[in-house]
Amino acid sequence: MTSPQTSRRTLATAGLWAAPVVAASAMVPAYAASSSVTDPTLTVRWGLFSQVVIEDSSAGYNTNVGVASTFGGTNNTSGDVQFEDSSGLIADAPAGLVANGEGTFTPGGSLGGFNSGTYGGTGLWFSSPEDATGAPVAGTAVLAAGASFRLDYVVTFPEGWDPFPIDNVRDGETRHLVKQSGGSAVTATGVNSAEMTATYGTQVTADQQQTVSVTYTTNEAITLTSDGSSASALAQLLLSQAPAYFTSNPEADFEVVLTVVSGAIVISATDSRNETINLAGQTLSNLLPALPVA
């Protein structure tokens with residue numbers, strides 16, 4: 001394997017590798033993002049989110065790069081993860097972390113790993129019923145069992161490199177994921193999740209790219225109930241518990257694309273109003289450009 005380190009360093013020196021910033025906590029009502037909602041007086045907030053991380057940019061090749069539920073950890077439970085523009089680092093995370101985030105993160109904190117209560121990874125969140133102003137509406141919001149999500153990981157190596165596999169991925173392996181029930185984010189927000197099954201596809205090498213897909217399917221429904229007076233409840237599916245990452249810096253572009261294959265949030269108000277938000281086809285992509293080894 002040869003390394004075009006000169007060209008990668010040149011890119012970084014020239015400023016073509018930009019310090020990444022997470023777009024966090026931008027609250028977009030669901031009716032603004034989905035044509036399936038016809039009554040803005042009955043809706044839910046929802047969002048897709050993704051974070052790609054290199055754990056320690058100062059560690060040479062000896063660092064993890066990719067997407068996993070425990071990457072990008074922070075003790076900030078405000079839902080607004082602050083990154084320093086000049087360095088790309090999370091302000092309260094270990095020095096050396098560089099991450100790129102896309103989408104809308106769970107208000108009040110994203111779960112990370114099993115019951116760990118940290119930020120990181122990728123997934124979907126939604127709220128119990130609300131009106132257009134964000135006020136709670138008495139009723140339920142349900143994501144039915146059988147909702148399906150696909151994560152496509154696309155790693156693009158520089159010209160002159162031989163692409164190599166993502167070393168923690170197990171082709172064809174299926175993992176059973178239990179419902180998350182604890183951790184600081186759960187305690188602070190009452191976030192609910194669901195039991196899921198995750199299945200790795202087969203890694204494929206084509207030209208300069210290494211790709212693999214992971215499919216998640218919910219095995220139970222998530223039901224959020226509001227009495228119309230209390231604060232809205234939140235649900236989150238963390239779709240990175242079957243992780244994909246390198247255990248050494250590949251000096252390659254790492255992209256994740258999240259696609260909702262099937263699934264809908266059914267909203268039912270106690271006054272007999274009903275709405276359905278069809279999530280199928282919703283997608284989010286997130287790229288962390290290659291970070292060369294100094």
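The dialogue below goes from overall composition to the core and then to one strand.

Reply: Please note that this is a predicted model. Its secondary structure comprises two helices and 17 strands.

Me: What share of the contacts between residues at least 6 apart in sequence joins residues at least 24 apart?

Reply: The share is 78%. As for burial, 50% of the 294 residues are buried, and 52% of the accessible surface, about 11,600 Å² in total, belongs to carbon and sulfur atoms.

Me: How should I read a nonpolar core, and which residues have the most contacts inside the largest one?

Reply: In soluble globular proteins, nonpolar side chains tend to be buried together. Here the largest nonpolar core has 53 residues, and those with the most contacts inside it are Trp 46, Phe 126, Phe 149, Tyr 153, Tyr 216, Leu 237 and Ile 265. Leaving aside residues up to four places away in sequence, Phe 149 touches, among others, Leu 124, Val 214, Tyr 216, Leu 237 and Val 261. A second, separate core has five residues, including Phe 49, Phe 105, Trp 125 and Leu 234.

Me: Which residues of strand β5 lie on its covered face, and which on its uncovered face?

Reply: In β5, residues 139–143, the covered face consists of Gly 139, Ala 141 and Leu 143, while Thr 140 and Val 142 form the uncovered one.

How values were computed:
Residues numbered from 1 in each chain as written. Predicted model: local features only at pLDDT ≥ 70, side-chain atom pairs only at ≥ 80, totals over all residues. Heavy atoms only, no water. Helix = DSSP H or I, 4+ residues; strand = E, 2+ residues; numbered from the N terminus. Buried < 20%, exposed > 50% of the residue type's maximum accessible area, 1.4 Å probe, protein only. Contact = heavy atoms within 4.5 Å. Areas by Shrake-Rupley, 256 points an atom, 1.4 Å probe, with all protein chains shown as cover. Core = buried A, V, L, I, M, F, W, Y, C linked by side-chain atoms within 4.5 Å.
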